[in-house]
Amino acid sequence: MLDRAVQAQIGRLLRDVFADVAHEPVPERFVTLLAELESKSKEAPR
Amino acid sequence: MSTVSGPVKDAMLRLVPNLRAFAVSLCGNIERADDLVQETLLKAWNNIDDFQEGTNLRAWLFTILRNTYFSDCRRRRREVEDRDGVKAADLSVHPEQPGHLDMQDFRKALDALPPDQREALVLVGAAGFSYEEAAEISGCAVGTIKSRVNRARSKLIEMLSVSPPHEYGPDAATEAIISRTARGGSY
């Protein structure tokens, strides 16, 4: 009985831990990184 | 000929929050997680020809990220060596309030799991992948993923339960010694 309640909480907390970060906005460093990669590949397409 | 089209770049950018969430769940640390994401994006960009358009970009990026993480761990010669229960055995979390688990207790317990079990649990239980997809991402059989998820769940229950574990584990052994000692000290 207790295990079942704990199991339900585990499922919820697991999703919360993930969602907490997944709902944060994209940090600037990654926007910059992808923009740089894109402009590089436009300059010198392999 | 390797070019990344705008839509793929945009899709990668949209998947960054998901990649960060996965990375944090794996390594438990946001700085290291962001480095993993950075490395993942670079590798993905440089190997974009390996990605088959129309297939699951999210699963492909998750695969790169977990491979990066696990080879990183091997390089660091830690964590991966901590197989079943070595570290987990020392760390049982006792919630202050019976029946209530807070996020911190949970994070501690999650971090104490062997990395392969934590990965399986997060892929299936948090990231929403099917067992089949999780198996493909982790490069193992579906049965292996299922058993990792099951072991992860029961270990978390054990760590987070207010009732002491009785059936197995060092706690049971310790209890047995204590009770034998209490009965007369001969063993």
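**Chain A**

I looked up the secondary structure of chain A in this predicted model and found two helices and zero strands. Helices (H or I, at least four residues) and strands (E, at least two) are DSSP runs, numbered from the N terminus. Of the 46 residues of chain A, 13% count as buried. A residue is buried if 20 or more other C-beta atoms lie within 10 Å of its own, exposed if 12 or fewer, and partly exposed in between, with C-beta atoms placed from the backbone.

**Conventions**

I noted that residues are numbered from 1 along each chain as its sequence is written, while chains are lettered from A and ligands numbered from 1 in the order in which they are written. In this predicted model, local features need pLDDT of at least 70 and side-chain atom pairs count only at pLDDT 80 or more, whereas totals for chains, interfaces and linings use all residues.

I checked the contact between the chains, taking two residues as in contact if their C-beta atoms, placed from the backbone, lie within 7 Å. Chain A brings 29 residues and chain B brings 36 residues. On the side of chain A that touches chain B, the elements giving two or more residues are α1 and α2 (28-43) of chain A. α1(A) gives the most to that side, with 16 residues. I sorted the residues of this side of chain A into 18 nonpolar, five polar and six charged. Here Ala, Val, Leu, Ile, Met, Phe, Trp, Tyr, Cys and Pro count as nonpolar, Asp, Glu, Lys and Arg as charged, and the others, Gly among them, as polar.

**The core**

I then looked for the largest nonpolar core and found 50 residues in it. Such a core is a set of buried Ala, Val, Leu, Ile, Met, Phe, Trp, Tyr and Cys residues joined through C-beta atoms within 7 Å. Those with the most contacts inside it include B:Leu19, B:Phe22 and B:Ala120. Elements that each supply at least two residues include α1 (2-22) of chain A and α1 (6-27) of chain B. α1(B) gives the most to this core, with ten residues. Domain 1 (1-81) and domain 2 (83-187) of chain B both contribute residues, so the core lies between them. The domain bounds come from an automatic or database domain assignment.

**Two places in chain B**

I found α6(B) mostly covered, with ten of its eleven residues buried. B:Ala120 is one of the buried residues. Leaving out residues up to four places away in sequence, B:Ala120 touches B:Ala134, B:Ser138, B:Ile145, B:Arg148, B:Val149 and B:Ala152.

I also looked up B:Glu31, which is in helix α2 of chain B. B:Glu31 counts as exposed because it has 9 C-beta neighbours inside 10 Å.
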